[in-house]
Amino acid sequence: MRQGGGGGGGDGVSPGNVPVCYYGAGGRVSATLERRVRAAEVLLRCAACGLAVLAAALLGADRQSRTFFSIQKVARYTDMQSLVILVIASGMVACYSLLQGARCLVSIIRGGILLNRPLAWAIFSCDQVMAYVIIGAVAVAMEAALLGKTGEVEFQWMKTCELYQRFCTQAGGGVACAVAASATMVGVALVSAFNLFRLYGHGKGSSK
């Protein structure tokens, strides 16, 4: 993006102290909208990190013991492969969101604008992958939770949540946090898509 003095309104030149980005046919993203997009991205990434950490913590610390005929049985999240996958996916999303959130904060402090197309593509692709990872893990965990809640008569699977109510309640809270984290990651993916495709707007890189 070129910078220049006054009289540059006709060729898409920023006056030097006002960051201008392009999006769409001849359109511009104002500095105010740019700040809002950055703030929204930081907020979404921090929320995704917090929710993913909470989901992993609730599931990881979830356990309940019951005694059946003098035999003690302990229910843990490791007893269900779907919950193990969800804990791993939540941890991945939390670490990734923390790193990306730090990058966004540094960008805001330095006042830079993302104009590097390869980097924008990399961020967009990683955001998409992480969104799909957490959504897939949540879908599997919700199916397993439903079977634990209702059972399956045809396969003679019992309603395990009737035996481990506290365990299922806490696991349900963890899954709910993971659902919220997945929704937040979808929002992050939308923001990164905006940041990427506005670089291909008419006028980007076409200064005279």
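Because the model is predicted, local features were considered only at pLDDT of at least 70 and side-chain atom pairs only at pLDDT 80 or more, whereas totals for chains, interfaces and linings use all residues. Residues are numbered from 1 along each chain as its sequence is written, and side-chain values rest on heavy atoms, with hydrogens and water left out.

The protein contains four helices and four strands, where helices (H or I, at least four residues) and strands (E, at least two) are DSSP runs numbered from the N terminus. Read from the N terminus, these elements follow the order β-β-α-β-β-α-α-α. Of the 208 residues, 37% are buried, a class defined by a relative accessible area under 20%, with exposed meaning over 50% and partly exposed the range in between (1.4 Å probe, protein chains only). Among contacts with a separation of 6 or more, 72% involve residues 24 or more positions apart, a contact being heavy atoms within 4.5 Å. The accessible surface amounts to about 11,800 Å², of which carbon and sulfur atoms supply 65%; areas were computed by the Shrake-Rupley method with a 1.4 Å probe, and for residues only the protein chains shown count as cover.

An unreviewed UniProt entry lists residues 42-60, 80-99, 119-142 and 173-197 under "transmembrane region"; its positions are given in the numbering used here, feature names are shortened, and annotations may be inferred rather than shown by experiment. In the model, residues 42-60 are 100% helix and 0% strand, with end C-alpha atoms 27 Å apart, while residues 80-99 are 95% helix and 0% strand, with end C-alpha atoms 29 Å apart.

Three salt bridges are present, each defined as a side-chain nitrogen of Lys or Arg within 4 Å of a carboxyl oxygen of Asp or Glu, and a network of such bridges links Glu41, Arg45, Arg103 and Asp127. Within helix α1 (residues 31-60), arginine 45 and glutamate 41 lie four residues apart, about one turn of the helix, and their closest N and O atoms are 3.1 Å apart. Glutamate 41 also pairs with arginine 103, at 3.2 Å between the closest N and O atoms, and this pair connects distant parts of the chain, from helix α1 to helix α2 (residues 81-110), 62 residues apart. Aspartate 127 forms a salt bridge with arginine 45 at 2.8 Å, N to O, which joins helix α3 to helix α1 across 82 residues. Arginine 45 and aspartate 127 are both buried, each with a relative accessible area of 0%, and glutamate 41 is buried at 8%, whereas arginine 103 is partly exposed at 27%.

The model holds zero disulfides, the criterion being a pair of cysteine sulfur atoms within 2.5 Å. The sulfur of cysteine 104 has its closest cysteine sulfur in cysteine 46, 8.4 Å away and therefore too far for a bond. Cysteine 104 is buried, with a relative accessible area of 5%, and cysteine 126 is partly exposed at 36%.

On the surface, Trp121, Phe197 and Tyr200 form a nonpolar patch with about 300 Å² of accessible area together. Patches consist of residues with over 30% relative accessible area and no salt bridge, like charges being joined within 9 Å and nonpolar side chains (Val, Leu, Ile, Met, Phe, Trp, Tyr) within 5 Å. Tryptophan 121, in helix α3 (residues 117-150), is partly exposed at 36%.
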